[in-house]
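Work through the exercises below with the sequence and the model at hand. Each task is followed by a stepwise solution.

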Amino acid sequence: MKAQYFGHSCYQVVINGKKILFDPFITPNELAKNIDVNTIEADYILLSHGHFDHVADAEAITKRTGATIVSNFEIATWYEQKGVEKTHPMNTGGSWEFDFGTVKCVNAVHSSVLPDGTYGGAPMGFVITFEEEGLEKNLYYAGDTALHYDMKLIQEEYDHVDYAFLPVGDNFTMGIFDALKAADWVNADVVVPMHYDTFGYIVMDKKDLQEAFEDFTLEIFEIGEQKELN
Ligand code: NI
Ligand code: MN
């Protein structure tokens, strides 16, 4: 699976030819100043919750690309009211079969409000199940979350997670050691860290991360970097 990092918690993955963009926060991110947001392509934009550092560029990208915004009911409705034509409202516990794979919304322990103060519904994570070269694969994008015991339900349902995108920056979300437990609880193969370094509160030493995750395949991306994840 091809993945590209645009800073903070914003990753793009390509699944069955569809470009799926998570939590775009690019233009306000000083660390992502070399990324031209107008070149980012998307078929779907998945938003984990309403905080500014996850939705900042979603409206501009969807209006330019025609991408469908997939999020909780409150956030999807907020975008509809802004004139976004393609939205797909979901909520925690629900699944939907899209043309690239099946998305299940899973629990995240966090908060959620939209940039203008509108109630942002419940924060979510996503599990995407898809087929690649005849093999069933799955991806867990945790969003912003604390470590929580419902992550064990993911292992119960899916057995393992091929790609786990986990926040590691601490202060607002899990830190490194809770993320390590999360990786263990969901039985992750490849771990991709997110939600670190963007702000002073979440600056992280990559060496600490590498040491902690030595038993996992840890894929740290430079901002703008694209990699093929196995
Ligand atoms: Ni947040
Ligand atoms: Mn955040």
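Donors to a metal are taken as N, O and S atoms within 2.8 Å of it, with 3.2 Å for Na, K and Ca. The model is predicted.

**Exercise 1.** Decide whether His54 is buried or exposed.

Step 1. The cut-off for buried is under 20% relative accessible area.
Step 2. His54 has a relative accessible area of 0%, so His54 is buried.
Step 3. His195, at 1%, is buried as well.

**Exercise 2.** Which residue bridges the manganese ion (ligand 2) and the nickel ion (ligand 1)?

Step 1. The bridging residue is Asp144.
Step 2. The two ions lie 3.0 Å apart.

**Exercise 3.** Characterise the salt bridge between Lys18 and Asp99.

Step 1. The closest N and O atoms of Lys18 and Asp99 are 3.6 Å apart, and a salt bridge requires a distance within 4 Å.
Step 2. Lys18 is in strand 3 (residues 18–22), whereas Asp99 is in the loop between strand 7 (95–97) and strand 8 (102–107), 81 residues apart.
Step 3. Lys18 is partly exposed at 26% relative accessibility, and Asp99 is partly exposed at 49%.

Definitions and conventions. Residues are numbered from 1 along each chain as its sequence is written. Chains are lettered from A and ligands numbered from 1 in the order in which they are written. This is a predicted model: local features need pLDDT of at least 70, side-chain atom pairs count only at pLDDT 80 or more; totals for chains, interfaces and linings use all residues. Side-chain values use heavy atoms; hydrogens and water are left out. Buried means under 20% relative accessible area, exposed over 50%, partly exposed in between (1.4 Å probe, protein chains only). A salt bridge is a side-chain nitrogen of Lys or Arg within 4 Å of a carboxyl oxygen of Asp or Glu. Helices (H or I, at least four residues) and strands (E, at least two) are DSSP runs, numbered from the N terminus.
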